[in-house]
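Let's take a walk through a protein model, one spot at a time. Keep the picture open while you read.

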Amino acid sequence: MPDIAIVPRPASVEELEGGPFLVDGSTAVVVEQRPELIQVAVLSADLLGRVAGKPVQVRYDDVEGPGAVRLLLDDAAPEGDEAYSLVVTSDGVTARAREVAGLVHAVVSLRQLMACNGDEGASVPAVRIEDAPRFAWRGLSLDVARHFFGVEDVKVVIGLMKHYKLNVLHLHLSDDQGWRLHVPSRPNLTRVSGQTAVDGDPGGYYSASDFQTIVQFAAARGVRVVPEIDVPGHVNAASHAYGELNPSGEPTDAYTGIEVGFSRLHADLPATTPFIEAVFGDVAAMSPDEYVHIGGDEVLTMEAEEYASLVGTAARVVRAAGKKVIGWQEIAHTPLEPGTVVQFWDPRVDPSVFVEAAKAGALFLMSPASKSYLDMKYDADFPLGLEWAGCVEMRDAYDWEPTTLIEGMPPESVVGVEAAVFTETIRTLDDLTTMLLPRLAAVAEVAWTAPELRDWDDFRARVAHQGAFWDRLGLAWHPSTQVDWER
Ligand code: TNX
């Protein structure tokens, strides 16, 4: 096991002369007394204290002296919103960044370097790290529609995202099987379709205040939340709650199976445009993020023209609310405003339409199912997961290059990488973390680390260390045989 085993691998790591830094009962996180720094200091003291098994204090004066973990927001920090530097010597630790998100990354790196010394606390080797992400968008798409995951479960997921320096939680909030976000102007969506889930399992939904709780918990950890309402397909939860969305005027039956592609909105019904306006208007008002995801995938029963018109309506409403649009790759078949983000997911189709869209100004978020869909089985015998994109082992999730995935795509069109976990077969938090861990760490390194620093054998050796961390947190995870785990 290398001494310095940070995942994702930092841009530069230099081991320094001198002894380790000890995190013990005398350690304090020291910050200037400013609201945004106090929040990150309290979070950091908690994280470090829990690993060391000793309470770590927060202090608001700029004490020099030994034992301080100083978090500084200043211009001497490396450039870039999320960049940071971290210097550890036996005397103390200094983390610098220009934005709070960079300080969170620095503290996560520090935490990954801590080795427990039993009753003495923990020690950290002397080191200088300079680090910054390769991609600005490093996401995880979480399907809470097929099976619902409540606020406490989502907090666990956000904690893991933060630990691997992922910064966008994309919540797939609606699908055929359930509707998971209360929409004030269409209350039946959650009153009726908040109750249902795959296989008749229990449903659930987020109230406006639950959603704010998630957003704030995430923000404190440097994670944005992008809400997705999937239209014009994957809408049975909506057409079950509001019969006016169907040509018959009658609600559809609840759907608890796992087929895709059958449900749809109808552009020519009078209720449809007001529905799209109300839902996306309310969601845009509830969500502070710059982006709203409009779905757009797998509408198998609609002509291209009607599809384009409904996608266009959703995109117009999102933009009118002052937000930017992201949608699944199928939206590339419609006219897009420059700057729209297209989320690539299905590598089985002809990619030329994506290259054309990119040349016309669309941006691409890479979520190739055969690499980054963490709801695929690890191997054919795995009890959880689907197989339509093949099995995704640890190395599959690691060994791929986002900018060359689509032949002819200008590399500068790629804004990032997003893992996804759809939950048709995933019912509990244990199921969920079993699918995420260890593969989330692999996709996170694809998103964070420069290509010339990525190497499977090197990653294997570093990630082996993470098993003990998941065990300590009591998380269920899959001990892939591709790694010699340290537990
Ligand atoms: C494809 S990803 C879907 C989802 C399924 C998923 C299962 C996407 C845009 N559509 O509806 O849940 O596969 O892996």
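## Thr190 and its neighbours

If we skip residues up to four places away in sequence, Thr190 touches Trp179, Arg180, Leu181, His182, Gln195 and Tyr205. Contact here means heavy atoms within 4.5 Å. You'll find Thr190 in helix 4, which covers residues 188-193. Helices (H or I, at least four residues) and strands (E, at least two) are DSSP runs, numbered from the N terminus.

Is Thr190 buried or exposed? Thr190 has a relative accessible area of 1%, so it counts as buried. The cut-offs are simple: buried means under 20% relative accessible area, exposed means over 50%, and partly exposed is in between (1.4 Å probe, protein chains only).

## Before we go on

This is a predicted model, so local features need pLDDT of at least 70 and side-chain atom pairs count only at pLDDT 80 or more, while totals for chains, interfaces and linings use all residues. Residues are numbered from 1 along each chain as its sequence is written, and side-chain values use heavy atoms, with hydrogens and water left out.

## Two domains

The protein chain is assigned domain 1 (12-131) and domain 2 (137-473); such bounds come from an automatic or database domain assignment. Taken over C-alpha atoms, the two centres are 34 Å apart. Where the domains meet, 13 residues of domain 1 are in contact with 13 residues of domain 2.

Ser123 belongs to strand 9 (residues 122-124). Its relative accessibility is 14%, which is why Ser123 counts as buried. Apart from neighbours within four places in sequence, Ser123 is in contact with Pro20, Phe21, Leu22, Leu113, Met114, Ala115 and Asn117.

Val151 is in helix 3 (residues 151-163). Val151 is buried, because its relative accessible area is 14%. Leaving out residues up to four places away in sequence, Val151 touches Tyr206, Asp210, Thr213 and Ile214. Val151 and Ala220 are 69 residues apart in sequence, with 15 Å from C-alpha to C-alpha.

## Ser263 in its loop

Ser263 is in the loop between helix 6 (236-241) and helix 7 (272-286). With 5% relative accessibility, Ser263 counts as buried. Which backbone nitrogens does its side chain reach? The side chain of Ser263 reaches the one of Val235 at 2.8 Å and the one of His234 at 3.2 Å. A polar contact is a pair of N or O atoms within 3.5 Å; within protein, one must be able to donate a hydrogen and the other to accept it, and residues adjacent in sequence count only if both atoms are side-chain atoms.

## Around the ligand

Now for the ligand. Of the 14 residues around the ligand, Arg146, Tyr373, Asp375, Trp388 and Glu424 come nearest; a residue is near if one of its heavy atoms lies within 4 Å. By class, this shell has 8 nonpolar, 1 polar and 5 charged residues. Ala, Val, Leu, Ile, Met, Phe, Trp, Tyr, Cys and Pro count as nonpolar, Asp, Glu, Lys and Arg as charged, and the others, Gly among them, as polar.

A polar side-chain atom of Glu424 lies 2.6 Å from a ligand oxygen atom, and one of Arg146 lies 2.7 Å from a ligand oxygen atom. In the side chain of Asp297, an N or O atom is 2.9 Å from a nitrogen atom of the ligand. The protein covers 98% of the 370 Å² of accessible area that the ligand has on its own (Shrake-Rupley method, 1.4 Å probe; for residues, only the protein chains shown count as cover).
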